[in-house]
Amino acid sequence: MPINVFEQFEELYSRWSILDKVGREMQLERMWQQVTAAYRYLLQVYQSRGYLTLIESNYANQIAQMMRELQNQKMKVDQDLANEMLRHLVKMQAKQM
């Protein structure tokens, strides 16, 4: 039986979609590392000095907001990736029947 061009395209698109989500997850991880490094720096400043300046305190608040948002985005990407992989597996299983 010849391979259907549309099936090939669907398979390619599914793989691309999964890779796209994995790439976004990796980007979020790199951002998380950068944000936590800034947080650790401010924590060291606080531990050595015993206080943060107003500007440093504002940065700490912004970093906390970024960390919450990164966590939310990572959860969404993880869910999207799980859904995409499930769809891919269902399609593969349906083809075998």
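Apart from its neighbours within four places in sequence, E56 is in contact with L42, V45, R49 and Y51, where contact means heavy atoms within 4.5 Å. The model is predicted, so local features require pLDDT of at least 70 and side-chain atom pairs count only at pLDDT 80 or more, while totals for chains, interfaces and linings use all residues. Residues are numbered from 1 along each chain as its sequence is written, and side-chain values rest on heavy atoms, with hydrogens and water left out.

- Helix α1 covers residues 5-49, which is 45 residues; helices (H or I, at least four residues) and strands (E, at least two) are DSSP runs, numbered from the N terminus.
- From its first C-alpha to its last, α1 reaches 66 Å, close to the 66 Å expected at 1.5 Å a residue; the expected span is 1.5 Å times one less than the number of residues.
- Helix α2 has 43 residues and reaches 63 Å between its first and last C-alpha, close to the 63 Å expected at 1.5 Å a residue.
- At the start of α1, a side-chain oxygen of N4 comes to within 2.8 Å of the backbone nitrogen of F6.
- G50 follows α1, and its phi is positive, near 95°.

**How the helices pack**

- The axes of α1 and α2 come within 8 Å and cross at roughly 160°; axes are lines fitted to C-alpha atoms, for helices over the stretch in contact, and angles run from 0 to 180 degrees between N-to-C directions.
- The two helices, α1 and α2, are therefore roughly antiparallel to each other (angles under 35 degrees count as roughly parallel, over 145 as roughly antiparallel, 65 to 115 as roughly perpendicular and the rest as oblique).
- The crossing of α1 past α2 is left-handed, a term used if the near helix is turned anticlockwise from the far one by less than a right angle.
- The buried residues of α1 pack against α2 (54-96); they include I18, K21, L28, L42 and V45.
- Likewise, the buried residues of α2 pack against α1, and among them are E56, I63, M67, L70, D80 and E84.
- Buried means under 20% relative accessible area, exposed over 50% and partly exposed in between (1.4 Å probe, protein chains only).

- L52 lies in the loop between α1 and α2 and is partly exposed, with a relative accessible area of 27%.
- Not counting residues up to four places away in sequence, L52 touches L42, V45, Y46, S57 and A60.
- L52 and L42 are 10 residues apart in sequence, and their C-alpha atoms are 7.9 Å apart.
- E56 is part of helix α2 and is buried, because its relative accessible area is 14%.
- The side chain of E56 reaches the backbone nitrogen of T53 at 2.8 Å.

**Other residues of α2**

- Y59, found in helix α2, is partly exposed, with a relative accessible area of 46%.
- Y59 and E84 are 25 residues apart in sequence and 36 Å apart in space, C-alpha to C-alpha.
- D80, also placed in helix α2, is buried, with a relative accessible area of 19%.
- D80 touches K21 and R24, leaving out residues up to four places away in sequence.
- D80 and R15 are 65 residues apart in sequence, with 13 Å between their C-alpha atoms.

Terms used:
Polar contact = N/O pair within 3.5 Å; in protein donor to acceptor, adjacent residues only side chain to side chain.
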